[in-house]
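Have a look at the model first, then read on.

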Amino acid sequence: MEVDREDGRSQNQLRPLACSRNILHRAHGSASWSQGDTKVLAAVYGPKAGTKKNENPEKACIEVIWKPKTGQIGKPEKEYEMILKRTLESVCILTVNPNTTTSIIVQVVNDDGALLPSAINAACMALVDAGIPMKHLAVAVCCCVAKSGYVILDPTKLEEQQKMKAFAYLVFPNSVHSVLPEGSLRVEGEPIENGIITSVTHGIMSVDDYFYCLERGRAASVKLSDFLRRNLQQQSTDSSKAG
Amino acid sequence: MEYVSPEGLRLDGRRPMEMRQLRAEIGTVAKANGSAVFEMGNTKVIAAVYGPREVQNRSQQINDQALVRCEYSMANFSTGDRMRKPKGDRRSTEISLVIRQTMEACILTHLMPRSQIDIFVQVLQADGGTRSACINAATLALADAGIPMRDIVTSCSAGYLNSTPLLDLNYIEDSAGGPDVTVGILPKLDKVTLLQMDAKLPVDIFENVMGLAIEGCKAIANYIREVRTVVCFLLSAKSSISFP
Amino acid sequence: MVGLSVGEKHFIQGGIAQDLRSDGRKRLTYRPIYVETGVIPQAHGSARVRLGATDVIASVKAELGKPSALQPDKGNIAIYVDCSPTAAPMFEVGRGGEELSTELSVALQRCLLGGKSGAGAGIDPTSLVVVEGKVCWDLYIDGLVISSDGNLLDALAAAIKAALSNTGIPKVDVAADATSDEQPEVNISDEEFLQFDTSGIPVIVTLTKVGRHYIVDATSEEESQMSSAVSISVNRKGHICGLMKRGGVGLDPSIILDMISVAKHVSEQLINKLDSEIAAAEASEEES
Amino acid sequence: MGLPNASGDLSTEVEVDAFRRLFPLRFYEKHLLESIRPDARPLGRARETTIALGAVASANGSALAKIGSTTMLAAIKMEVMTPSLETPDEGCIGLLPLAARFPVSLSLLKTPGRPAEAAPVVAKQLSDTILSSGMINLKELSLVSGKAAWMAYLDIYCLDADGALFDTALLSAVAAFSHLEIPVVSLNDDGKIVLSEEQGLSDREPVNKEKRKINLSSVPFSLTCVLHKNYILADPTAEEESIMDTIVTVVLDSSSQLVSLQKPGGTVLAYTSAIQDCIALTRQRVKELQKILEEAISGMEVD
Amino acid sequence: MAAKPGSAPVTYSPNLGQKTRPPIFKDNDLDWVRPDGRGFHQCRPAFFRTGAVNSASGSAYAELGSTKVIVSVFGPRESKKAMMYSDTGRLNCNVSYTTFATPVRGQGSDHKEFSSMLHKALEGAIMLETFPKTTVDVFALVLESGGSDLPVVISCASLALADAGIMMYDLVAAVSVSCLGKNLVIDPVLEEESYQDGSLMLTCMPSRYEVTQLTFTGEWSTPDINEAMQLCLDACNKLGKVMRTCLKEAASGSQE
């Protein structure tokens, strides 16, 4: 099915991605992530000693502070903070640095749709930059179900507001390059990168739509994780050259 | 609006270079280590100093000098219309900071390491120049508390309205929207420790206005010295009675 | 926080037991009261009261407002107390001061404004009405504690009484031709002022129980030794206009009744003393 | 993971309660092997659920929902507002669910301080769910087009917290809306809306004679599940939520459309089969909840 | 379409100004009937239940007429770090109203006045020295306000404290009396409270016969004070018995 999108993309096409790391000097790790006109900056400070009250001191604690582009922090920002915190907690290896706190500050530079997935990707890259031990990367995608029933990926703000009846933010682990024969890293008959780390949906959709979104999201996450891998390799070779 | 009449008189009948009536009183709060009331015309401020004493919040303790804290608050009835603002709004936080920085610069903090000095200023009546009045009151209170200082700090404001530099603005002149230059000086050392202005003003005029404000500060310094000598005299008289 | 050694505590308690307190007073003697009126020129009325080292200011401001729909024949009176941090570092923003301020405000409202219907109020709220149901004076009474050495409530009540005696409310003329549902036009006179009848305003006597005895006008050192305290507001007629127990241990009902009768007795002298001080202050203000 | 082995010797000696405190995960895993939970529930069963409608007389609609010992009180107050220019014939729902205003569960046993922190998040999810489900037609809240409309303020108080906060909050909100009775009002001389009986305006035509109840279409219900290894535990208690941290909340409406599927992180990755199982469990649960709500409503009508 | 912060529309309640003028009391108007048909010296039937909140250390629910209150007690638990050392326990009280408790939608914020009154009424009854260095938190929530809210909160809180096993000298029972004209009316409802001339609230420990808190508002003469206090003391005694039975039932229930 052919779908007209304002920017001429096909329905499964993502916007151009850009990511640069180590852009802030004072932070222990930082990254900026842009996806079309949506741009998010993430900075990581830590791990520093001690956990906050009410957190488990036997594990490392992750703290997320969301800075909106304008205005004050309200309920939506609190929700984003919570989702981001839970997502990153499940990606990081928390038992390595017990009784420490790692703060992640997310600054929205520009919001043009798919904000939360961009923030998750940015935060994840910043964690890598800071050298925080992680199990794997988290790759976030936004899928939209349009009023007319088709599914598009990575919507712009305009598309979010006008055409969409529901959308799902999905986060998956990155795809694995394994030396083992294909299929050895399978859980319950599915490759590990098919497992959902985080899922957040808004609006009404049918259950089948949701599974279709999952499928599309997984396909896109493979592309995204390739991009991340290339980006990480490229910059590490850059820095070794410079060094 | 006309702030200076053709005869050269201001709204409250003062000349442009004239300061309002000053009045000061020391030791008004019995329980404080030092306290003072300072009046500039209708502006009336009370300051109390507690300390040097043990630091309340351990994490703020500084090992080689004293911690100076300041809090500025306005009484509900201090302004013309009764105000019901929550405590600790932005304006009072800013003024607290200004007073703290100004006083910190003249207190010999290194003589009192690991201790805390609290300065509380309360505006009873606001009629322009509260910032300056607070600093003057705080100086007196610190002196009353016997806290070692390089010099006293005095402060005065000056403005520029109807092409005339005006000393010590009152509320109406202050709210006219013209420039308002607040200066704080150490009179003996002849140094400026505080200078604030929030408007556009040509440099040559600014120098004029600032000079006027400094003159005002000096006049206040003279007055404050007078008050202190009188108090010292009274104190020595008292002590001679009780300890012959 | 008053830090006292065991010796000092015994000294205070022993003195009270023997009817000779640390500053030489008897158990039922007040510290000298100094009243100064008209201290805040911007307010309609104001007064400063000093009771030993306790120093408070009360100001009265009146604004034209609308009576509430439930009580169209009554004006509104509000009392707020603020404890300045100059009085004690404890009163700094975000530390305890607000709690005390609320407690004092509530206690004063309870003691001076009477019941919900307005019966028994020190100031007759009906006297504040300009046009019934439309225009009335809203009276804002602000108390400010500048220096604190115990017995804040009694001092504040005295200051408010003095401030109200000092208050002049501008006379208001109402344009006669106003139709029934519009807000009538009013003229506020600059020259004529109305005075309140302040004879009915009660005073508050706080009895602090230390050991087996109770004392009036406790200093903060003495307050730190209290086992319980009762504040009783009494008017000139000897009627109780409000009472509140201010925490501490339980008391036998008969002791409370005894305290009430003592408070009545003490209040007579206090009212007389205060009235003469207010009159003197007013006179000296007019002279100056 | 040396802990479980080290505890192996201990486990035979210590008492059950101590074991539960010391090795909560192992305690649970032993139960899960037997397909039963410490409170004697099978894995897929929700706790006992009750709804009491009309718990607060001073509100226009109210309901007390209880799932296990998690208790939420929802109440709706109707106030009049002037509708915005863009939507002159629509009312508004003031969704201010203060889900946990009441500082619950600060005791040392449970994860301390959770609800207070979770309150804004639960509130946001709840308002998203209610608004996107299209449960309430805002047009029904209109009184006089362009002049006056109802604002329904929904407040939810958490009286007791023991897991599944969102489920209970949603259930109480839905129940409160179904209990809502809109007062009869008429327009008075000043152009204000007032209650008909009390202003002596009963001779006047009430503005809303017909609209005394709100029609609820496609009511959403939810089920929270906890994932641990291959197990799925429906309707977790607070203890279960804190020990096994992968939580999936599925919201379905009465026509089995997916309103929301939330899985915020967690150590377990959810695969398609697990998601399908969760949705299937929710379908069953929706039927249960519908029945409970209907019973509560018919119980009210009998009274 | 939820109201966005800042752009929240102004709303008003349609039942504002519904209050009819109160009936005028003649000096000996003894025929007047109270809104709920009680006698002047008759309290509303009281219902108490402990253990309403599982996650708290102790809790109680009270219902008197349409006044509904729930109180939960947490602790004794470690005091906040910022607090200074104290060799007696601390009591922290907080009373709040739900937004829908009153006829007109409120803000649902903390009620500072009641919080401090609750604290004062309870502190005389609790053996604070039995839990040094720790804090007991008492959170009261008024679900529905139907008059005499504070006395109900106080009685309910003392039951919740007992349920939490906090050491007390005695239960605290609280009753208020309204003065309407020349009549004294015990346990007033909201309507009566709104046009009372004076009120008196007394909290006491019935078995010890000690008053922990007492407040008067309005003008009172000595004989009235005596009468009102006696009324309250008798009512507190009876209320104390009801509370005691509630505790006994809860205890015997848990033993079985």
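In this predicted model, two helices of chain A meet through a set of side-by-side residues: A:Tyr80, A:Ile83, A:Leu84, A:Thr87, A:Leu88 and A:Val91 come from α1(A), and their partners in α2(A) are A:Leu116, A:Ala119, A:Ile120, A:Ala123, A:Cys124 and A:Leu127.

- Helix α1 of chain A spans residues 75–91 and helix α2 of chain A spans residues 115–130; they pack at an angle of about 40°, with their axes 11 Å apart.
- Angles from 65 to 115 degrees would count as roughly perpendicular and those under 35 as roughly parallel, so α1(A) and α2(A) come out as oblique to each other.
- The crossing of α1(A) and α2(A) is right-handed.

**The sheet in chain A**
- Chain A has an open sheet of 5 strands, in the order β1-β2-β3-β5-β4, and the pairing is mixed.
- At the edges stand β1 (17–21) and β4 (61–67) of chain A; each has a single partner strand, so one side of each has no neighbour in the sheet.
- On average, neighbouring strands of this sheet are turned by 15° against each other, direction ignored.
- β4(A) pairs with strand β5 of chain A (residues 100–110) in the parallel sense, over 7 bridges.

- α1(A) lies across β4 and β5 of chain A, and runs at about 145° to β4(A).
- α2(A) packs on the sheet too, touching β1, β2 (29–35), β3 (38–49) and β5 of chain A.
- The direction of α2(A) makes about 150° with that of β2(A).

- Helix α2 of chain C (residues 97–112) packs against helix α1 of chain E (residues 112–123) at an angle of about 95°, with their axes 10 Å apart.
- That angle makes α2(C) roughly perpendicular to α1(E).
- From α2(C), C:Glu99, C:Thr102, C:Glu103 and C:Val106 meet E:Lys112, E:Glu113 and E:Ser116 in α1(E).
- By class, this contact has 1 nonpolar, 2 polar and 4 charged residues.

**What the record says about chain B**
- An unreviewed UniProt entry carries the annotation "domain: Exoribonuclease phosphorolytic" over residues 18–148 and 151–215 of chain B.
- Over residues 151–215, chain B is 26% helix and 40% strand, and the end C-alpha atoms are 17 Å apart.

Conventions: Residues are numbered from 1 along each chain as its sequence is written. Chains are lettered from A and ligands numbered from 1 in the order in which they are written. This is a predicted model: local features need pLDDT of at least 70, side-chain atom pairs count only at pLDDT 80 or more; totals for chains, interfaces and linings use all residues. UniProt positions are given in the numbering used here, feature names are shortened, and annotations may be inferred rather than shown by experiment. Helices (H or I, at least four residues) and strands (E, at least two) are DSSP runs, numbered from the N terminus. Axes are lines fitted to C-alpha atoms, for helices over the stretch in contact, and angles run from 0 to 180 degrees between N-to-C directions. Angles under 35 degrees count as roughly parallel, over 145 as roughly antiparallel, 65 to 115 as roughly perpendicular and the rest as oblique. A crossing is left-handed if the near helix is turned anticlockwise from the far one by less than a right angle, and right-handed if clockwise. Two residues are in contact if their C-beta atoms, placed from the backbone, lie within 7 Å. Two strands pair if DSSP finds at least two bridges between them. Ala, Val, Leu, Ile, Met, Phe, Trp, Tyr, Cys and Pro count as nonpolar, Asp, Glu, Lys and Arg as charged, and the others, Gly among them, as polar.
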